[in-house]
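My notes follow the display.

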Amino acid sequence: MLLFLGSHPALDFLNTRYGPHGQVVECIGDGRSLVDWLVGAGLVDAAGATKMKRRLGQEALDTASEEARRVREWARGWIARWAEAPTADYGRELVVLNGLLGRATSRREVVLSEGRLQLTESHRIESAEELLAMVALQIALLITNEEPALIKECASSACTLSFLDRTKSHRRLFCSATVCGNRAKVAAFRERQRKND
Ligand SMILES: [Zn+2]
């Protein structure tokens, strides 16, 4: 099951591997599911994804998903360190990130839209390797635009998901109020009952 609870595509990307109660769920285990995830995250449209699967082929996409899983675990470690120490020297990590960003080929065009000329930038994915550039862009947007202190892990002990706390009060505790929030409430209730017995 694909989860989009991270409030940021970069964190949703980290959340493509999660482990409730010690089980591990892998959401991008092959190329097809990587493309499906990109669609779910709003980074690729559905029509583009169908064409992409046809054009790039399963083998190349599977290889890209393998790299995506490696990049994800690398990013997980780095984002956690960056959230703790945002001004530390990340020269080595930036070389890796910028290498991934550099794979994107973008095309700029001036088009007539809504009655005026507008400059647009589009990405045409020519190879499966370029999919990693899309993921890298989201990581780049996270570390350049967002507040490191607002990257949090779900407060439920059974949950491994992380999220960006976009609430005004910055007091979001759970990936999902309905799932983990409720579970925590039930656990606290049981604990109180146990003490009262
Ligand atoms: Zn949770």
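**Notebook: surface, fold, metal site**

I began with the surface: the protein chain exposes about 11900 Å², and carbon and sulfur atoms supply 52% of it. Accessible areas here are Shrake-Rupley values with a 1.4 Å probe, and for residues only the protein chains shown count as cover.

I noted the ground rules. The model is predicted, so local features need pLDDT of at least 70 and side-chain atom pairs pLDDT 80 or more, while totals for chains, interfaces and linings use all residues. Numbering starts from 1 along each chain as its sequence is written, and side-chain values use heavy atoms, without hydrogens and water.

Next, the fold. I found seven helices and six strands in the protein chain; these are DSSP runs, helices H or I of at least four residues and strands E of at least two, numbered from the N terminus. Buried residues make up 37% of the 197 residues, buried being under 20% relative accessible area, exposed over 50%, and partly exposed in between (1.4 Å probe, protein chains only).

Then the metal. I looked up the zinc ion and found Cys154 (SG), Cys159 (SG), Cys175 (SG) and Cys180 (SG) coordinating it at 2.3 Å. Donors are N, O and S atoms within 2.8 Å of the metal (3.2 Å for Na, K and Ca); water is not among the atoms, so sites may look incomplete. The donor spacing reads C-x4-C-x15-C-x4-C. Cysteine 154 sits in the loop between β5 (151-153) and β6 (162-164), and cysteine 175 in the loop between β6 and α7 (177-196), 21 residues apart. Both cysteine 154 and cysteine 175 are buried.

Last, I checked leucine 119. It lies in strand β4. Leucine 119 counts as exposed because its relative accessibility is 63%.
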